[in-house]
Amino acid sequence: MATVRRPATRARSAIFAPIGDEGRAVRVENRLAEAIRSGVLADGERLPSEPELAAMLGVATVTAREALVALRAQGLVTTTRGRGGGSFVTRPEPTGEAELGSRLASMSRVELRDRGTIYGVILAGCAELAAERADATDVEGLHGLLLDPAEPDIGLWRHADSELYLSIAALTQSARMTREVVRLEADFGALLRLPLSDPAFRTHTASRHRALVAAIEAHAPDEARHCVRAHVADALERLADLHAAVP
C-alpha cells in the first residue's frame, strides 16, 4: 500500500511512547485508534511489526497483537501476509455533513460549550508552550501547513486545521499533552470544524492561523495563546448558531 503523509513527527513519537500498566491491550488499541481517527497516522501507512510495536510501547508482543486484532475488528487496520505484508492504517472516510449534523443535534448546548471549553483551554496552553520552545525548523514546518485563503476545498481546510493544532501540541515536547490533543481531535475536532463550510469563516481562520504561527515564530506566548482562544471562541459561537438551527 502507498504511504501518504506523515505529519507532526513529535506527535507520532507520543503515540509510540510506552504504555502504563492498566488494561494495556485496550490502551494500545485506544491510543492507536485515536491517532488514526485524528490523522496523526495516515491512511495506508504501515504500522511497526508486532514485536517492534511491543518494544516501542513497552508491552508484551501478545498485548500488541491483541490490540491489532481489535483495531482490525473496527476496520481501522488491515493486515496482509507474505512479502511486503504487514499491518496498514485504514483511516475511515471523513464524517459527512449529515452525520456531523446528527451528532451536533444529539448534544445539548451545555455539553457543546463544555467540550469546547476544554478543547480551547488545552490548545491555548499548547500554543503558549510552543511559542516558548519552537525552533526555526519547527516554525518552517508550521508555515508549510498554512493554506491560501482562496483554497475552496473544505475537506482540505479541515485536514490542515487539524494538522496545525496537532503539530503545535507536539511542540510542547510533552507526550502526554500531545496524546490528550490527539484524543480531543478524535472526539470533538470534526464538529468544531463544521463552520469551515462558511467562506467568511475560512478567511478569518486563514488570518488567525498566520497570526498564530507568527506569534510562535516571534516567541510571543501571550499572543499565541490569544490567537487560539479567539479562534476557538469564534468557532464555538458559530457552532452554537448551527446547533440552534438544527430542527
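So, Arg238: its relative accessibility is 22%, so it counts as partly exposed, where buried means under 20% relative accessible area, exposed over 50%, and partly exposed anything in between, with a 1.4 Å probe and protein chains only. Quick housekeeping: this is a predicted model, so local features need pLDDT of at least 70 and side-chain atom pairs count only at pLDDT 80 or more, while totals for chains, interfaces and linings use all residues. Residues are numbered from 1 along each chain as its sequence is written, and side-chain values use heavy atoms, with hydrogens and water left out.

Okay, back to Arg238. Which side chain does Arg238 meet in a salt bridge? That's Asp198, at 3.3 Å, N to O. For us a salt bridge is a side-chain nitrogen of Lys or Arg within 4 Å of a carboxyl oxygen of Asp or Glu. These two sit 40 residues apart, Asp198 in the loop between helix 9 (175-192) and helix 10, Arg238 in helix 11 (residues 221-245). Helices here are DSSP runs of H or I, at least four residues, numbered from the N terminus. Asp198 is partly exposed too, at 31%.

Arg208 is in helix 10, 26 residues away from Asp234. Asp234 is at 13% relative accessibility, so this one counts as buried, whereas Arg208 is partly exposed at 22%. There's also a network, with Arg103, Glu111, Arg115 and Asp187 joined by salt bridges that share partners. The total count is eleven salt bridges.

Now, helix 10 (residues 199-217) against helix 7 (residues 136-143). Their axes, meaning lines fitted to C-alpha atoms over the stretch in contact, with angles from 0 to 180 degrees between N-to-C directions, come within 10 Å and cross at roughly 175°. Over 145 degrees counts as roughly antiparallel, so that's what helix 7 and helix 10 are. Contact means heavy atoms within 4.5 Å, and here Val139, Leu142 and His143 of helix 7 touch Val213, Ile216 and Glu217 of helix 10.

Keep an eye on Ile216. Leaving aside neighbours within four places in sequence, Ile216 also contacts Ala127, Ile168 and Ala224, among others. Ile216 is one of the residues with the most contacts inside the largest nonpolar core, which has 70 residues. A nonpolar core is a set of buried Ala, Val, Leu, Ile, Met, Phe, Trp, Tyr and Cys residues joined through side-chain atoms within 4.5 Å. The largest share, nine residues, comes from helix 6 (residues 109-133).

Note on methods. Parallel < 35°, antiparallel > 145°, perpendicular 65-115°, else oblique.
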